[in-house]
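User: I am new to this structure. Please walk me through it in short questions and answers.

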Amino acid sequence: MNDNTVSLDLMEFIERDILPQYNAFDRAHNLSHATQVIRRSLEIGRRMGANMNMVYAIAAYHDLGLSGPRAVHHITSGKILTSDARLKRWFTDEQRRIMREAVEDHRASASRAPRSIYGRIVAEADRDLSADHVFRRTIQFGLSNYPQLGKEQQWQRFCQHLKEKYSESGYIKLWIPQSPNAENLQKIRNIIKQPKELREIFDKIYDEESQPAK
């Protein structure tokens, strides 16, 4: 098989047995998020000449650890991948070690660079930094995980999170130079510096996301 394609049997296994697990997670980490990370990982991986089977599986497993504590979900996700003996059908022990490390290294708050190109790929793919996506996902997470908070408290949480993660002093790091994310991150930072514009964006998205499901 060409490394530039994904094995159909691996894809079938992932779609049948792995991806449905994301339906149990919050709206910011649901199946839609997982499939988006897979798509972006494959796009980046092809440009970089990576093994597509590895790229695909890493992206599919990267957030499975959200079944446990969020703070260590990246470590838990790596353990889930390592313990899944079914992956031995497609990957060597060395490949699965690299894949585990990539999953562990994807988290945005990681203080060091990912240990391999595969970690860089999934870390970059996990960061859809279009402004609307970042703002909406932040609000979705707040509504899902802190439903007891009123609108003003959600606004405060929203601002605090954006400052801690996306501002000039925030912890997010991009590992692939000149990626589209770099330009998008600068746009987010410019909006953060405009409190009136940021509040208008928050109000619009909050009202949309807090509507009862039809």
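User: Which residues does glutamate 168 contact, leaving aside its neighbours within four places in sequence?
Analyst: This is a predicted model. Glutamate 168 sits in the loop between α8 and α9 (180-192). Beyond its neighbours within four places in sequence, glutamate 168 is in contact with Gln186, Arg189 and Lys193.

User: With which side chain does the side chain of glutamate 168 make a polar contact?
Analyst: Lys193 is among the residues in contact with glutamate 168. The two side chains make a polar contact at 3.4 Å. The partner is lysine 193.

User: Is glutamate 168 buried, partly exposed or exposed?
Analyst: Buried means under 20% relative accessible area, and exposed means over 50%. Glutamate 168 has 48% relative accessibility. Therefore glutamate 168 counts as partly exposed.

User: What span should α2 have, at 1.5 Å a residue?
Analyst: α2 has 18 residues. The expected span is 1.5 Å times one less than the number of residues.

User: Which elements do the buried residues of α2 pack against?
Analyst: The buried residues of α2 include Ala34, Val37, Ile38, Leu42 and Ile44. The buried residues pack against α3 (52-61), α6 (117-125), α7 and α9.

User: Which residue follows α2?
Analyst: At the start of α2, a side-chain oxygen of asparagine 30 reaches to within 3.2 Å of the backbone nitrogen of serine 32. After α2 comes a residue whose phi is positive, near 70°. That residue is glycine 49.

User: Which element gives the largest share of the lining of the largest pocket?
Analyst: The largest pocket has a volume of about 570 Å³. Of its 27 lining residues, the closest to its centre are His29, Arg70, His161, Lys165 and Tyr171. Two elements give two or more residues to this lining, α7 (131-145) and α8 (151-166). The largest share, six residues, comes from α8.

User: How many charged residues are in the lining of the largest pocket?
Analyst: Sorted by class, this lining has eight nonpolar and nine polar residues. The charged residues number 10.

User: Which element gives the largest share of the lining of the second largest pocket?
Analyst: This pocket holds about 170 Å³ of space. Its lining includes Asn30, Gln36, His133 and Arg137. α2 (31-48) and α7 each supply at least two of the lining residues. The largest share, five residues, comes from α7.

Definitions and conventions. Residues numbered from 1 in each chain as written. Predicted model: local features only at pLDDT ≥ 70, side-chain atom pairs only at ≥ 80, totals over all residues. Heavy atoms only, no water. 1 Å grid on protein atoms, 1.4 Å probe; cavity = no way out; pocket = protein on both sides within 12 Å on 5 of 7 lines; lining within 4 Å. Points joined across faces, edges and corners; volume = space filled by probe spheres on them. Helix = DSSP H or I, 4+ residues; strand = E, 2+ residues; numbered from the N terminus. Nonpolar A, V, L, I, M, F, W, Y, C, P; charged D, E, K, R; others polar. Buried < 20%, exposed > 50% of the residue type's maximum accessible area, 1.4 Å probe, protein only. Contact = heavy atoms within 4.5 Å. Polar contact = N/O pair within 3.5 Å; in protein donor to acceptor, adjacent residues only side chain to side chain.
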